[in-house]
Amino acid sequence: INGNFTFNALTVNPNATLVEVNKAGFFRSYKTIEVQPESGQFVDIILKKQSGDSQFNAQAGTMQVLENGGQLNFPLNAMADKVSGQQYTGAVSLSAYSLFTTDNNFYNLFPGNKGKDLDKKDVVLEPFSIVVTELAGSAGQSLELAPGTMATVQFPIGSTDLGRAPATIAMWHYDAGTGIWMEEGKAIKNGSYYEGTVSHFSTWACAGSSPLISLQANITDKNG
């Protein structure tokens with residue numbers, strides 16, 4: 001009743017164990033954690049409440065300004081059923097938000113920092129902002145961009161990050177099947193936001209990256 005869950009004796013990927021939480025009225029939330037054999041791991045996941053879907057016609061497209069200054073631009077006839085791949089022409093429910101690192105809730109909602117760059121090397125993300133998008137049809141079915149269609153996304157940059165934000169940055173999508181960020185495309189800095197194009201929707205981030213290393217340590221308190 002308090003939202004506490006315990007899972008024992010699971011077979012998982014120790015380097016990227018994915019926890020997913022889904023509740024009606026909230027954005028789907030993810031967290032990638034490391035779980036070593038014969039050890040316990042605690043993870044605290046916060047769900048962000050959906051503040052009301054925006055509606056638009058798939059044939060007409062739309063431009064939607066998001067919380068914290070992000071923006072989504074959908075072209076005409078851009079939607080398809082996510083399962084069947086068939087073109088969708090009806091009403092679209094859009095739930096989305098943007099967030100930058102200086103927001104107090106950023107790292108509570110950020111699913112993890114492990115990624116693979118374009119060379120398939122393991123890296124750690126150094127994020128600037130994220131955009132989370134969920135699309136549904138009139139029957140509640142999940143929608144996606146139609147094959148060959150691109151949408152424009154603007155990622156806001158926090159005021160304290162503007163001075164260090166590079167002119168060009170990598171875009172990453174969160175693969176909910178593996179719990180790993182995958183590098184895909186570049187975004188260009190334009191004032192106080194990054195702008196890029198995407199061919200599908202999930203959780204997207206603008207982020208730099210550094211090589212991933214493994215570190216193990218024993219921590220001893222004052223009593224030994």
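These are my notebook entries on a predicted model of a protein.

**Ground rules.** I number residues from 1 along each chain as its sequence is written, and side-chain values use heavy atoms, with hydrogens and water left out. Since the model is predicted, local features need pLDDT of at least 70 and side-chain atom pairs count only at pLDDT 80 or more, while totals for chains, interfaces and linings use all residues.

**Overall build.** I looked up the secondary structure and found 1 helix and 15 strands. These are DSSP runs, numbered from the N terminus: helices are H or I with at least four residues, strands are E with at least two.

Next I checked the dimensions. The C-alpha atoms fill a box of roughly 65 × 45 × 30 Å along the principal axes.

Then I turned to contacts (heavy atoms within 4.5 Å). Among those between residues at least 6 apart in sequence, 65% join residues at least 24 apart.

Where does Asp161 sit? I found Asp161 in the loop between β11 (151–156) and β12 (168–175).

Is Asp161 buried or exposed? Asp161 is buried, because its relative accessible area is 6%.

Which residues does Asp161 touch, not counting those up to four places away in sequence? I noted Thr101, Thr102 and Phe128.

Key. Buried < 20%, exposed > 50% of the residue type's maximum accessible area, 1.4 Å probe, protein only.
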